[in-house]
Amino acid sequence: MNMKSIGSLKINTILELMLTVAVATMVLTSGFVWIITERIIDVHEAKLFLSGAMNIPGNTLYIFIFTVISSICIIVTFSIRSYSNINDTGIIFLSIMIEFILELICITLLNFNYNGILLWTFANALIYLKKNKYMPIVIVIATVSYLCTTHELVKLFVNIYDISTYIKVCSVGLQTVIFFVYNVLNLMTVICFVLCCISIIVNKEEIIEKNLELNKKLETANLDLQKANVELEKSLTDNARLAEIRERNRIAREIHDTLGHTLTGLAAGIDACIALAGDERTPLRNQLDLLSKVSRNSIKDIRMSVSSLRPDAPDRLNLKSAIEELVENTRRVAGVNIIFDCEDSNLKFDEDEEMAIYRIIQESLTNAIRHGNAGNIEVAVKKNFGSIGLMIHDDGIGCEKIEAGFGLRHIRERVNMLKGQVNFRSENGFIVEAMIPIRWGEEYD
Amino acid sequence: MKISKKIRIVCILTVLLSALSIVFFYKCGKKETVIEFAMFNGSNWGVAVQESYSVIDKAIEKFESEHKGVRIKYESGIPKEDYSEWMSERALKDKMPDVFMMLDEDFENYINLGLIEKLDRYVSEDSDFDIEKYYENIANSGVFSGYRYALPYEAMPTLMFVNRTLLENFHLNIPDNNYTFDDFYRLCRMITLDRDLDGSPDYYGIYKYDWINAALSNDVTLFSKDGKKSYFNQEKLAEAIRFVKSLEALNGNQNVTKEEFDSGKVAFSQMSLAEYRTYKSYPYKIKKYTNFAWDCIPMPAGKSGNNVSMIDSLNIVISAKSKKKRLAWEFLKTLTYDAEIQQTLYNDMPVASVLKEVMESKESENVFKENEDIIDSKLICHILENGSEKPKFSGYEGAIPLADSKISKLNKEDDIENALRILQRQMSKYLIQERGKT
């Protein structure tokens, strides 16, 4: 901010200098023409002067007065623009337009002997209409109007007087001085304009540099923010998973503590009843035996449920041995032939991944036995580069139309959560294929 | 906020409107419109005139009675020598009179400076106005590079003075109005015979007869209208010059002085209508040329030409910066186109009118009746109709002395054709230089 204000202060100083030069030249030129005209009339050389003149300007006193008034107007509009911090583009545009019109009138009245004042207005337009989309139009107008008011060009088409004819009326010594002053003032205007343009460019470059710097900062901030966002998301899912695990543990504990305890009690009670009933194979004794069997099976089921509910179940073991145990249990319980194929002995993944793999296999096995009446099941776990592939293939009846029940949906949800892919199809039985990406960096030995 | 803004705008508009209406009513309330006219004192033709403003005053009176509420103002007493400077100063001050007399020397320069209003629009739009009523050549003197800038006010033909007493003494007849170069040469030869045998003529044939008039009488045009071209290299001009030189040779190559002319020793001389009419009328009638009878006749005609001469004219223009151009045009018309005013001008001033109807009117017949003159309005009509107008381009006044200085050095026996070829080259160069100045 500080830099910018210094920059605009510089431009303002140049503008003030330029205005002084331009207005002074305009007033001096018109005043000079007026004074010389009066002198010519005083010494009665009007006829001689007219015989060498190309044009006469009209009432030179009126022109001088008009020039002075216009100059004052231009100074006033400039002061309003620069010192009152008006940000309304409309007002700035209007003030510049008024100046432009006044200048054109003055230039015409001065027979195009000085058009440097236009440069001053263009400098203003360049500074104040920086962001305006009409900039090309302004530039075109500026160029055309400057060209069309250049004395040497206008001279070709219209009869206009040359200030030099007036200067030549003066004595030779004075002529040199006046020519010098006139040319210096003309050049000064151009120099001021160039200075103005340079400072505008410098100022703009400063702004661009600052913008670039800010952009860079913004970019780094944005990256940081993205990182933070990713971390936040991860911690959120971690939290959710933790909560889920905690909840599962609680439920498992509850089942184990209450239902397990009750069933164990019940089984013990039935055993006591069997003992009381004696060895005789009475219908009661048979019934009790059956009950005892059911209750023990239930206890086993509950244990299985609890152990499967507890997600840390495979955690305590190695994933591979956990699967092997699952396979062995299922084979024993359901009496099916299960082949477990895993080349990699060291299956070690993130907790949720391991859990997902375990659950998918468990669910697939249950489905194959329950719905497929399968006799042989093949379970393959294959570790690829960056992902793990699962395939559970049974020789059951399969199904023509796959209706996603709770089990399949559950599998799909788990896989989707890990951004993996799962595919079910019926081909010589039922096939479940899943591909789960492995998060790098968290794989450890 | 919005309402107060509206009220403010309405207030500003009301103030502006009332200010405008005050100015408007003030302007309308001003009953008198003033047209400024400028002219110089005395005659444009180098003769003394008694009341130079009498015709103008009459014209003003007539105009003011026809246009109520319009007043014509003019500054009197500006001598002709100061008039150009006076007008230039007015131009520099941007206070040009609305209507003014235009001197030839400033005409082209003022046109180039854009000080003079073009009249073509007025001429074509004014149904009461017919440019044909002017003598064509005279009216054309106000035309420059295709535009009409001026209307003529006075016309001034050049005539040939003839010393009747001298001719009578030698028993010679005054030549007819259609006499030729040869007739004229014969008369001059008779007059310049060396009767006392002292080796030089006792009387002279011609005083002040320039080659330009001889050229005009031999159908020579020296310059194009815009002054960009000159036509010196032509046989007809050589003929005219040879004729003038042979006349001069008759005088024994002596320079005839004004004293000899005034004392009646010269038979012929070039004379403007202004001089003729001035010296033929009171009071100059009794002051000048009193010891012999004299008259004026047309110029002698060359082989290819006519009995015509150069016709100068005084033109009047309208300022381009005038704010009442319509009224200025009306006043210009009163001065130059009004038969009554032009008739008065012809009657009272030693000039010719620019209107055909005035020159041909009954009243005009009386202008020369009083003195048994040879010349009459009809003859002047003829000269005005056939004469050539004096060129009005700015280089003319410089071109003539240049040509004069070369031609005056020539003798009758010299190779005039060759001299003219050289002169033509010099003249072209001079004219190009003149163009370059503006």
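In what order do the strands of the open five-strand sheet in chain A run? The legends below get to that, after a word on the model. This is a predicted model, where local features need pLDDT of at least 70, side-chain atom pairs count only at pLDDT 80 or more, and totals for chains, interfaces and linings use all residues. Residues are numbered from 1 along each chain as its sequence is written, while chains are lettered from A and ligands numbered from 1 in the order in which they are written.

**View 1. The open sheet of chain A.** The strand order is β1-β2-β3-β5-β4, with mixed pairing. Strands here are DSSP runs of E with at least two residues, helices are runs of H or I with at least four, and both are numbered from the N terminus. Two strands pair if DSSP finds at least two bridges between them. At the edges stand β1 (337–342) and β4, each with a single partner strand, so one side of each has no neighbour in the sheet. On average, neighbouring strands are turned by 10° against each other, direction ignored. For the whole of chain A, the tally is 14 helices and five strands.

**View 2. Strand β5(A) and its partners.** β3(A) (residues 387–394) pairs with β5(A) in the antiparallel sense over seven bridges, and L390(A) has A434(A) as its bridge partner. β4(A) (residues 421–426) also pairs with β5(A) in the antiparallel sense, over six bridges. Here V422(A) has A434(A) as its bridge partner, and R425(A) stands opposite I431(A). β4(A) and β5(A) make a hairpin with three residues between them, and N428(A) in the turn has a positive phi of about 55°.

**View 3. Helices on the sheet.** Helix α12(A) (residues 319–334) lies across β1(A) and β2(A) (376–383), running at about 170° to β1(A). Helix α13(A) (residues 351–370) packs on the sheet too, touching β2(A), β3(A) and β5(A), and its direction makes about 10° with that of β3(A). Angles run from 0 to 180 degrees between N-to-C directions, and axes are lines fitted to C-alpha atoms, for helices over the stretch in contact.

**View 4. Helix α5(A) with α6(A).** α5(A) (residues 116–128) and α6(A) (residues 135–148) pack at an angle of about 175°, their axes 11 Å apart. That is why α5(A) and α6(A) are roughly antiparallel to each other; the cut-off is over 145 degrees, with under 35 counting as roughly parallel, 65 to 115 as roughly perpendicular and the rest as oblique. L118(A), F122(A) and A125(A) of α5(A) meet V138(A), A142(A), S145(A) and Y146(A) of α6(A). A contact needs C-beta atoms, placed from the backbone, within 7 Å. These contact residues split into six nonpolar, one polar and no charged. Nonpolar covers Ala, Val, Leu, Ile, Met, Phe, Trp, Tyr, Cys and Pro; charged covers Asp, Glu, Lys and Arg; the others, Gly among them, are polar.

**View 5. Helix α5(A) with α9(A).** The axes of α5(A) and α9(A) (residues 172–277) come within 9 Å and cross at roughly 10°, so α5(A) is roughly parallel to α9(A). On α5(A) the contact residues are G116(A), L119(A), A123(A), L126(A) and I127(A), and on α9(A) they are N186(A), T189(A), V190(A), F193(A), C196(A) and I200(A). By class, that gives eight nonpolar, three polar and no charged.

**View 6. Where chain B touches chain A.** Here 12 residues of chain B are in contact with 14 residues of chain A. On the chain B side, α3 (80–92) and α4 (104–112) each supply at least two residues, and α3(B) gives the largest share, six residues. This side of chain B divides into three nonpolar, five polar and four charged residues.

**View 7. Helix α14(B) under cover.** In α14(B) (residues 339–348), the buried residues are I341(B), Q342(B), Q343(B), L345(B) and Y346(B). Their cover includes α2 (54–66), β6 (150–163), α13 (325–336), α15 (356–359) and α16 (362–365) of chain B.

Conventions. Two residues are in contact if their C-beta atoms, placed from the backbone, lie within 7 Å. A residue is buried if 20 or more other C-beta atoms lie within 10 Å of its own, exposed if 12 or fewer, and partly exposed in between; C-beta atoms are placed from the backbone.
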